[in-house]
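Hi there,

I'm passing a structure on to you, as promised.

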Amino acid sequence: MRRRIRLDPAFALAVCYLLVAERSVWGLLSLAAACLHELGHLGAAVMLRIRPAEITVGALGARIGFSAPLLAYRHELLIAAAGPGVNLLCVPPCLWGIRCLGGLDGAGEYLLFFAAASCALAAVNLLPLRTFDGGRILGALCAHCFGDLAAYRVLKISTAFCSILLWGCAVALWFSAWENLSLLVLATALLFRVVQDSFAC
């Protein structure tokens with residue numbers, strides 16, 4: 001089966017912004033954390049011998065599509081959890097590296113930022129939104145325990161609640177961090193994806 005990789009225009013804009021407008025190592029470290037996150041998903045799928053049919057790369061990560069439903073809810077859960085899991089596994093080595101380097105001077109500062117970016121990426125993706133990793137994990141657990149209809153209803157409620165919460169956070173960032181264009185870009189992209197997920201429900 002031929003696999004297709006699609007690049008969302010938002011991804012191209014985000015990369016151009018990081019490389020051209022931002023021109024900082026911080027953006028590249030954030031991008032590296034996101035790449036490791038997606039490699040975690042792909043690695044779990046490969047270990048479970050499940051081949052992705054399509055990969056869509058967007059500004060806030062990649063979406064992996066399969067040609068057929070997963071064989072079991074545990075496969076869905078494991079693949080969804082692998083991305084945040086890889087991000088969290090990156091934190092202890094970074095902290096160990098900071099300790100070996102003797103503090104936050106020089107490379108230690110970069111390691112601390114990478115660890116923070118990895119934690120933030122894992123935390124955002126574990127939110128119980130329908131197409132986020134947290135939503136996929138919650139949906140798989142609910143479907144396994146209570147059935148698909150119950151999982152659909154639970155995810156609809158959790159997605160609506162988190163959409164409102166994240167909208168409030170985006171507005172707060174807009175007013176409190178207006179001098180930091182990176183945060184505004186991230187908040188705008190995240191809010192756009194949340195709105196899309198809400199209508200998809």
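Predicted model: local features only at pLDDT ≥ 70, side-chain atom pairs only at ≥ 80, totals over all residues.

Residues are numbered from 1 along each chain as its sequence is written, and side-chain values use heavy atoms, with hydrogens and water left out.

**Overall layout**

The chain has seven helices and three strands; helices (H or I, at least four residues) and strands (E, at least two) are DSSP runs, numbered from the N terminus. Read from the N terminus, their order is β-α-α-β-β-α-α-α-α-α. The chain has 201 residues, and 34% of them count as buried, where buried means under 20% relative accessible area, exposed over 50% and partly exposed in between (1.4 Å probe, protein chains only). Taking contacts (heavy atoms within 4.5 Å) between residues at least 6 apart in sequence, 65% join residues at least 24 apart.

Helix α2 (residues 25–47) and α3 have axes that come within 7 Å and cross at roughly 135°. Axes here are lines fitted to C-alpha atoms, for helices over the stretch in contact, and angles run from 0 to 180 degrees between N-to-C directions. That makes α2 oblique to α3 (under 35 degrees is roughly parallel, over 145 roughly antiparallel, 65 to 115 roughly perpendicular, and the rest oblique). On the α2 side, the contact includes A33, L36 and H37, and on the α3 side it includes L78, I79 and A80. By class, this contact has eleven nonpolar, five polar and no charged residues; Ala, Val, Leu, Ile, Met, Phe, Trp, Tyr, Cys and Pro count as nonpolar, Asp, Glu, Lys and Arg as charged, and the others, Gly among them, as polar.

**Salt bridges**

Which residue pairs with E76? R136 does, in a salt bridge whose closest N and O atoms are 2.9 Å apart; the term means a side-chain nitrogen of Lys or Arg within 4 Å of a carboxyl oxygen of Asp or Glu. R136 lies in helix α5 (residues 133–146) and E76 in helix α3 (residues 73–101), so the pair ties together parts that are 60 residues apart in sequence. E76 is partly exposed, at 22% relative accessibility.

R136 also forms a salt bridge with D133 (3.7 Å, N to O). These two are three residues apart in helix α5, about one helical turn. D133 is buried, with a relative accessible area of 4%. Through shared partners, salt bridges join E76, D133 and R136 into one network.

Enjoy exploring!
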